[in-house]
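Welcome! Please take a moment to look over the sequence and the 3D structure, and then read on for a guided walk through them.

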Amino acid sequence: MLLDMHDQPAAGDPDNFERLWTPHRMAYIKGEGKPTGTGPGDGCPFDAIPRMSDEDGLVVARGEVVYAVLNLYPYNSGHLMVVPYRHVSDYDELDRAEVLELGEFTQRALRALRKASGAQGFNVGLNLGDVAGAGIAAHLHQHVVPRWGGDTNFMPVVARTKVLPQLLRDTRDLLASAWD
């Protein structure tokens with residue numbers, strides 16, 4: 001919601017800035033929904049999502065040992081993650097079948113994102129451990145973030161805010177239909 005401070009009496013001193021309020025981000029900042037521990041029964045959302053419907057869990061595709069799900073706090077539209085069903089925290093804990101299907105699902109994610117959104121490039125990777133930036137370090141998940149020329153502008157650079165043009169459920173439907 002864009003708000004002009006000049007239209008709000010008693011809201012502070014006018015400073016000629018418009019503000020884009022994103023109060024839904026406070027849940028992420030406060031760590032709501034983050035696991036309470038490191039075990040599979042400690043509130044891990046990646047353990048809970050497979051028990052939900054695809055629509056409710058934002059699941060794009062399900063495999064034998066991994067699934068693809070939209071990121072609830074995306075860096076870009078279409079930002080998804082490939083997640084093993086098994087609760088493991090490190091890449092070297094994955095078994096051969098998990099490594100293989102994680103790689104295959106990453107390839108399928110790239111194809112689906114190109115087909116559905118015309119993505120021109122990607123950031124793909126794992127953040128292993130809290131110090132590496134993992135939001136949920138206890139359960140490995142690989143990010144697949146689509147990129148387009150000019151998708152970084154003043155909003156994320158200066159305002160530390162990302163404007164997303166599509167609701168997550170609509171993005172999930174689009175990618176699920178593009179999944180091969």
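How many bridges join β3 to β4? There are 3 of them, and the two strands run antiparallel.

## Before we start

This is a predicted model, in which local features need pLDDT of at least 70 and side-chain atom pairs count only at pLDDT 80 or more, while totals for chains, interfaces and linings use all residues. Residues are numbered from 1 along each chain as its sequence is written, and side-chain values use heavy atoms, with hydrogens and water left out.

## The chain as a whole

The protein chain holds 6 helices and 7 strands; helices (H or I, at least four residues) and strands (E, at least two) are DSSP runs, numbered from the N terminus. Starting from the N terminus, the elements come in the order β-β-α-α-α-β-β-β-α-β-β-α-α.

Of its 180 residues, 35% count as buried, where buried means under 20% relative accessible area, exposed over 50% and partly exposed in between (1.4 Å probe, protein chains only). A contact here means heavy atoms within 4.5 Å. Among the contacts with a separation of 6 or more, 58% are between residues 24 or more positions apart.

## The sheet

Five strands form an open sheet: 5 strands in the order β3-β4-β5-β7-β6, with antiparallel pairing. Two strands pair if DSSP finds at least two bridges between them. At the edges stand β3 and β6 (121–126), each with a single partner strand, so one side of each has no neighbour in the sheet. On average, neighbouring strands are turned by 20 degrees against each other, direction ignored; axes are lines fitted to C-alpha atoms, for helices over the stretch in contact, and angles run from 0 to 180 degrees between N-to-C directions.

Let us walk along the pairs. A hairpin of 3 residues joins β3 to β4, with R62 facing its bridge partner Y67 in β4 and V59 partnered by V69. V69 also has a bridge partner in β5, namely M81, and β4 and β5 pair in the antiparallel sense over 5 bridges.

Strand β4 is largely enclosed by the rest of the structure, because 5 of its 5 residues are buried. V66, A68 and L70 point one way from this strand, while Y67 and V69 point the other way.

What caps the N-terminal end of α4? That is D95, with a side-chain oxygen 3.2 Å from the backbone nitrogen of A97. Just after the helix, G118 takes a positive phi of about 70 degrees.

## The annotated site

UniProt, in an unreviewed entry, places the feature "binding site" at N71 and H143; its positions are given in the numbering used here, feature names are shortened, and annotations may be inferred rather than shown by experiment. The two cluster in space although they are spread over 73 residues of sequence, with a largest C-alpha distance of 8.4 Å.

N71 is in the loop between β4 and β5 and is buried, at 9% relative accessibility. Its side chain reaches the backbone nitrogen of Y73 at 2.7 Å. H143 belongs to strand β7 and is also buried, with a relative accessible area of 10%. The side chain of H143 makes a polar contact (a pair of N or O atoms within 3.5 Å; within protein, one must be able to donate a hydrogen and the other to accept it, and residues adjacent in sequence count only if both atoms are side-chain atoms) with the side chain of H79, at 2.8 Å. Leaving aside neighbours up to four places away in sequence, N71 touches H79, L80, M81, H143 and L168.
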